[in-house]
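Reader: I have a structure to go through. Can you take me over it?

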Amino acid sequence: MVNIKRNVLLNPGPATTTDSVKMAQVVPDICPREKEFAKLMKGLRSDLLKVVHAPEDEYTSVLFCGSGTINIDVCINSLVPADKKILIVNNGAYNTRAVEICKMYHIPHIDLKFSVYERPDLAVVETAMNENPDVAVVYCCHHETGTGILNPIREIGEIAHRYGAIFISDTTSSLGMIPLDVVKDNVDFCMASAQKGLQAMSGLSFVIGRTDLIKASKDYPTRSYYCNLYMQYECFEKTGEMHFTPPVQTIYATLQALKEYFEEGEEAKFARHRAVYETIHEGLDRLGLETAIDRGIESGLVVSVKYPDDPRWDFEKVHDYCYERGFTIYPGKISTTDTFRLCALGKIYPEDINDFFKVFEEALNVCLS
Ligand SMILES: *Cc1c(COP(=O)(O)O)cnc(C)c1O
């Protein structure tokens, strides 16, 4: 095996991967239209269902070539019936992305805005559903990566279903890290990209959703050619292949990553991410740095750290100092508070965070002097 430098990525994905996942991409050239390759994708689609405990006879997974946002695009442009609305439960940047997609496709929508520092108020969601009987789809991000808040999707899904609507959740930054059970959690559609919780490479994204609803969407207004959910689903069912060229090497990496996911185990992996997160908070407490979100509503995967109250603070300088030493920190995404983010995604351990804080403390000493 070649020696690959290990970087500790504290950005919210792509995440630190294992060498075995990196090396899984080095394979003989293959035409993805070969039966051998279709077989690999079949196994991959079925493994993805297992990650979210989706019963095979009710749910299916559909693969796309693109970054995670392609899933949001696909779900929104494909799953809103004619003359119906989508309600976006919006408490942050990633839900706002869904609103932007609605605007781009001119899809009737309600942007139900909440504070970015809090969880959405369920009573307000309930009232909105009550007042808008033409809402056919409710949408909410599970883990709002912009702040680090974990949204109450089980409860929001329950409200959606009670009013006869379907529920889509953007689980891009939680799937494979925080246990998710689509049936118990009232999720009709969820999604992720291979580069986040699964610890594989960027370029492969997937939607997991209810087969009956995908079939029903065949007759919905079509708003995109490349990104239509039914079209891609039908292609997989008929031929076992993606409609257009798949990200071949990324698929090999994802298969290896899934193997390692099941070896580590859902609960053990969750506990590891949690331990990394706790170590991040301990380090911040030691340095007296404050965070922007109440710990009780944090996902345990992303920490939004307030900029130190010091005029000499320079994010770029601190970033570069850490980057040169193998650690990547990431800018924040809260427009009303200056923050940066430290994340617990990827194949990293509490020891990595302790090593990071040694470097980070040095960076502060150098940059604030
Ligand atoms: C990362 C992420 C996405 C996808 O972002 P891309 O840059 O397109 O990969 C979507 N939703 C959430 C919540 C995310 O964290």
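Author: What follows covers the ligand site, then ring pairs, then the backbone. Keep in mind that this is a predicted model.

Reader: Ligand first. Which residues come nearest to the ligand?

Author: There are 14 residues around the ligand, and the nearest are S67, T69, T145, D170 and K196.

Reader: What is the make-up of that shell, nonpolar, polar or charged?

Author: Eight residues of the shell are polar, three are nonpolar and three are charged.

Reader: Which helices each supply at least two residues of the shell?

Author: Helix α3, residues 69-78, and α4, residues 93-104, each supply at least two.

Reader: Which pocket does the ligand sit in?

Author: The second largest pocket holds the ligand.

Reader: Switching to rings. How many aromatic pairs?

Author: The count is 15 aromatic pairs.

Reader: Take F340 and F360. Why is that pair tilted?

Author: The ring centres of F340 and F360 are 5.9 Å apart and the planes are at 40°, so the pair counts as tilted. A stacked pair would need planes under 30 degrees apart, and an edge-to-face pair over 60.

Reader: Where are the two in the chain?

Author: F340 belongs to strand β14, residues 339-343, and F360 to helix α12, residues 350-367. The two are 20 residues apart, and the pair links distant parts of the chain.

Reader: Backbone now. Is the peptide bond from G13 to P14 cis or trans?

Author: The bond is cis, with omega near -10°. P14 is in the loop between β1 (8-9) and α1 (19-23).

Reader: What about phi at H106, positive or negative?

Author: H106 is not a glycine, yet its phi is positive, about 55°. The loop between α4 and β4 (109-113) contains H106.

Conventions
Residues numbered from 1 in each chain as written. Predicted model: local features only at pLDDT ≥ 70, side-chain atom pairs only at ≥ 80, totals over all residues. Heavy atoms only, no water. Near = heavy atom within 4 Å. 1 Å grid on protein atoms, 1.4 Å probe; cavity = no way out; pocket = protein on both sides within 12 Å on 5 of 7 lines; lining within 4 Å. Sits in = over half its atoms within 2 Å of the grid points. Helix = DSSP H or I, 4+ residues; strand = E, 2+ residues; numbered from the N terminus. Nonpolar A, V, L, I, M, F, W, Y, C, P; charged D, E, K, R; others polar. Phe/Tyr/Trp six-rings, centres within 6.5 Å; stacked < 30°, edge-to-face > 60°.
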